[in-house]
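Please take me through this structure step by step, telling me what to select next in the viewer and what I will find there.

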Amino acid sequence: LGHELVPVDAAVDDEATGHDRGIEPGPCQQLGMQGQLEGTRHLEQVDASGFHAAPRHFFQEGIPALIDGELTLFESMAINLYLAKKHGGPLAPRDVQEDGRMLMWALWAANEVEPHTIKVIYNAVDKPEAERNLDVLNESIEALRAPFAILDRHLGENEGNVVGRRFTVADINTAEVCRYAQSAATLFDMYPNVKSWLASCQ
C-alpha cells in the first residue's frame with residue numbers, strides 16, 4: 001500500500017542539534033507487527049545493523065516516520081491514528097465522537113503519563129546502574145499515581161478498554177507509554193485494572 005518504515009542509523013549524529021538519536025520500538029511497530037489493521041502491510045522489525053540513513057529532515061523532525069504516497073508522518077501515535085482511520089476495522093474510530101476520544105487519550109497519555117514513565121524506564125532499566133537517579137525514579141513513580149488512578153477507574157467503567165468498550169488504537173497508544181513503567185511493580189499492584197489491561201495489550 002506504499003507504506004514505508006524509515007529507520008535511521010542510531011549511531012549517526014544529528015548535525016543540526018549535535019545529539020544522537022536512539023531507536024526505541026514504538027507503538028507504530030507494535031501496530032504493524034500485530035497485523036490488526038486489515039490491508040496494512042506489516043512493518044518489518046530489523047536490528048540496528050539493518051538501519052539505513054534517512055533523509056536529513058527525519059533527523060530534525062523525529063522518528064519513527066511513515067511515508068504513504070506523498071504524505072510523510074512522524075510521531076508514532078499520530079501514525080497509528082492515521083493508519084487506523086485510513087484502513088478502518090475494529091481498531092479504528094467508528095464515528096467522530098470516538099475519533100475525538102481517541103485523540104483525547106493520546107494527548108492525555110503523551111502529556112500526563114509519558115513524561116514520568118520515561119524517567120522510570122531510564123532510571124530503573126535503561127541507564128547503567130551507576131547513572132541511575134533513585135530520587136527521580138521515586139518521584140516519577142509517585143507522580144504516576146494520579147494519572148494511573150484516572151485510567152484505572154476509566155478502564156473499570158468501560159469493560160477494560162480505553163475507547164468504545166473494545167480493543168482499539170487508543171489502547172495501543174496508551175499502553176505503549178504506560179509500559180515504560182512496568183519495572184515499578186508495586187505501582188501496578190495498586191491499580192489492578194491498569195495492570196490487567198496492560199498485560200492484555202502486550
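A residue is called buried when its relative accessible area is under 20%, and because Phe-148 has 0% relative accessibility, Phe-148 counts as buried. Keep in mind throughout the tour that the model is predicted.

**First stop: Phe-148 and its rings.** Select Phe-148 and display the residues that Phe-148 touches beyond those up to four places away in sequence, namely Val-113, Cys-178, Leu-187, Phe-188, Tyr-191 and Val-194. The structure holds three aromatic pairs, and one of them joins Phe-148 to Phe-188 in an edge-to-face arrangement, with 5.2 Å centre to centre and 70° between the planes. This pair links distant parts of the chain, since Phe-148 sits in helix H6 and Phe-188 in helix H8, 40 residues apart. Phe-188 is also buried, with a relative accessible area of 5%. Tyr-191 is buried, as Phe-148 is, and Phe-148, Phe-188 and Tyr-191 form one aromatic cluster.

Move along helix H4, which spans residues 96–126, until you reach Val-120. Val-120 is buried, with a relative accessible area of 0%, and apart from its neighbours within four places in sequence it is in contact with Val-125, Leu-137, Ser-140, Ile-141, Leu-144, Tyr-180, Ala-181 and Ser-183. If you select the C-alpha atoms of Val-120 and Ser-140, you will find them separated by 6.3 Å, although the two residues are 20 apart along the chain.

Select helix H9, residues 192–201, and colour its buried residues, which are Val-194, Trp-197, Leu-198 and Cys-201. These residues lie on the same side of H9 because they cover an arc of only 100° around the axis. Turn to the other side of H9 and you will find Pro-192, Ala-199 and Ser-200 exposed.

What is the count of disulfides here? The count comes to zero, and for Cys-178 the nearest cysteine sulfur, that of Cys-201, is 9.0 Å away. Because its relative accessible area is 0%, Cys-178 is buried, and Cys-201, at 8% relative accessibility, counts as buried too.

**Last stop: a hairpin.** Finally, select strand S2 (residues 65–68) together with strand S3 (residues 71–74), which pair in the antiparallel sense over four bridges. Within this pairing, the bridge partner of Ile-67 is Thr-72 in S3. The two strands, S2 and S3, form a hairpin with two residues between them, and Gly-69 in the turn has a positive phi of about 65°.

Methods. Residues are numbered from 1 along each chain as its sequence is written. This is a predicted model: local features need pLDDT of at least 70, side-chain atom pairs count only at pLDDT 80 or more; totals for chains, interfaces and linings use all residues. Side-chain values use heavy atoms; hydrogens and water are left out. Buried means under 20% relative accessible area, exposed over 50%, partly exposed in between (1.4 Å probe, protein chains only). The arc is that of the directions from the helix axis to the C-beta atoms. Two strands pair if DSSP finds at least two bridges between them. Contact means heavy atoms within 4.5 Å. A disulfide is a pair of cysteine sulfur atoms within 2.5 Å. Rings of Phe, Tyr and Trp (its six-membered ring) pair if their centres lie within 6.5 Å; planes under 30 degrees apart count as stacked, over 60 as edge-to-face and the rest as tilted.
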